[in-house]
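Here is my note on the model you sent, written as numbered points. Please keep the structure open while you read, and look up each residue as it is mentioned.

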Amino acid sequence: MKDYFRNMSFEKNDSAAPIRAVTDARALRALAHPIRLALIEILSIDGPMTATEAADKVGESPSTCSFHLRQLAQFGFVEEAGGGKGRARPWKMTSIGLAFDPEAAGNEAKIVTATVTRLVRDRQLERYRAWQVNRESYPVKWRKAAIDNEFAFWMTADELDVLGQELETLLTDRFRERLSDPSKRPDGSVPVELLTLGYPMRGLEGGDDK
């Protein structure tokens, strides 16, 4: 399972570490909190910032954000970016991108991974609903450019796996550097969220689990 953060990430870059695969149950539990997920999102998209700056973006108090940043730091998700003291210390991601693999995890990790996944997807779908509500407030060119499609195909599991890898390669190869290097962002660009979901629409006959 490739999470939201993975979809916006890059494998190798001078200013970032490789994508982090999260399989440890304790580290997964540290992620299972909406404020911590929000902090990871804004640090991934906007870059280093202090607890006070983060508080303005996530709608929480600086002390609350400072506490959750320290919790994330305990499990290596964030680290101090250098400079400042106390809540004036800037924080940054240790890697831009998180990957979850529930099939490779133990039973406890599977349960927590499912919880984290639901929290992440709920946040993403809430942003989508907000876009729908506020769509008319955007310029026409953005309303026309927005993607809102649904496709249905007959596919094998192998074909779906290959398609997912091809889409990931296309997107990350084309846009991945813009997260870490603001100079690569063209004028007029803004953060855009693109969700790619692919799953069987029906149950499998015969209970095939291969």
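1. The charged end of Arg 20 sits over the ring of Phe 77, at 4.1 Å from the ring's centre. A charge is said to sit over a ring if NZ of Lys or CZ of Arg is within 6 Å of the ring centre and within 35 degrees of the ring normal. Please note that this is a predicted model, in which local features need pLDDT of at least 70 and side-chain atom pairs count only at pLDDT 80 or more, while totals for chains, interfaces and linings use all residues. Residues are numbered from 1 along each chain as its sequence is written, and side-chain values use heavy atoms, with hydrogens and water left out.

2. The protein has 9 helices and 5 strands, where helices (H or I, at least four residues) and strands (E, at least two) are DSSP runs numbered from the N terminus. Of its 210 residues, 30% are buried; buried means under 20% relative accessible area, exposed means over 50%, and partly exposed lies in between (1.4 Å probe, protein chains only).

3. Which aromatic rings pair in this model? A search of the whole structure finds 2 aromatic pairs, and rings of Phe, Tyr and Trp (its six-membered ring) count as a pair if their centres lie within 6.5 Å, with planes under 30 degrees apart called stacked, over 60 edge-to-face and the rest tilted. Trp 131 and Tyr 138 have ring centres 4.9 Å apart and planes at 65°, so this pair is edge-to-face. Within that pair, Trp 131 is buried at a relative accessible area of 17%, whereas Tyr 138 is partly exposed at 38%. The rings of Phe 151 and Phe 153 have centres 6.1 Å apart and planes at 10°, so they are stacked. Phe 151 is exposed, with a relative accessible area of 59%, and Phe 153 is exposed at 59% as well.

4. Phe 151 and Phe 153 also belong to a nonpolar surface patch of about 660 Å², together with Met 155, Leu 160, Leu 163, Leu 167 and Leu 170. Patches are made of residues with over 30% relative accessible area and no salt bridge, like charges being joined within 9 Å and nonpolar side chains (Val, Leu, Ile, Met, Phe, Trp, Tyr) within 5 Å. Areas come from the Shrake-Rupley method with a 1.4 Å probe, and for residues only the protein chains shown count as cover. Leu 170, one of the patch residues, is found in helix 8 (residues 157-175).

5. The structure holds 12 salt bridges, each being a side-chain nitrogen of Lys or Arg within 4 Å of a carboxyl oxygen of Asp or Glu. One of them joins the side chains of Glu 41 and Arg 127 at 3.0 Å, N to O. This pair links distant parts of the chain, since Glu 41 is in helix 3 (residues 34-46) and Arg 127 in helix 6, 86 residues apart. Glu 41 is buried, with a relative accessible area of 5%, while Arg 127 is partly exposed at 30%. A network of salt bridges links Glu 41 and Arg 127 with Arg 123 and Glu 193.

6. Is Thr 113 buried or exposed? Thr 113, which lies in helix 6 (residues 107-134), is buried, with a relative accessible area of 3%. Leaving aside neighbours within four places in sequence, Thr 113 is in contact (heavy atoms within 4.5 Å) with Leu 28, Phe 100 and Pro 102.
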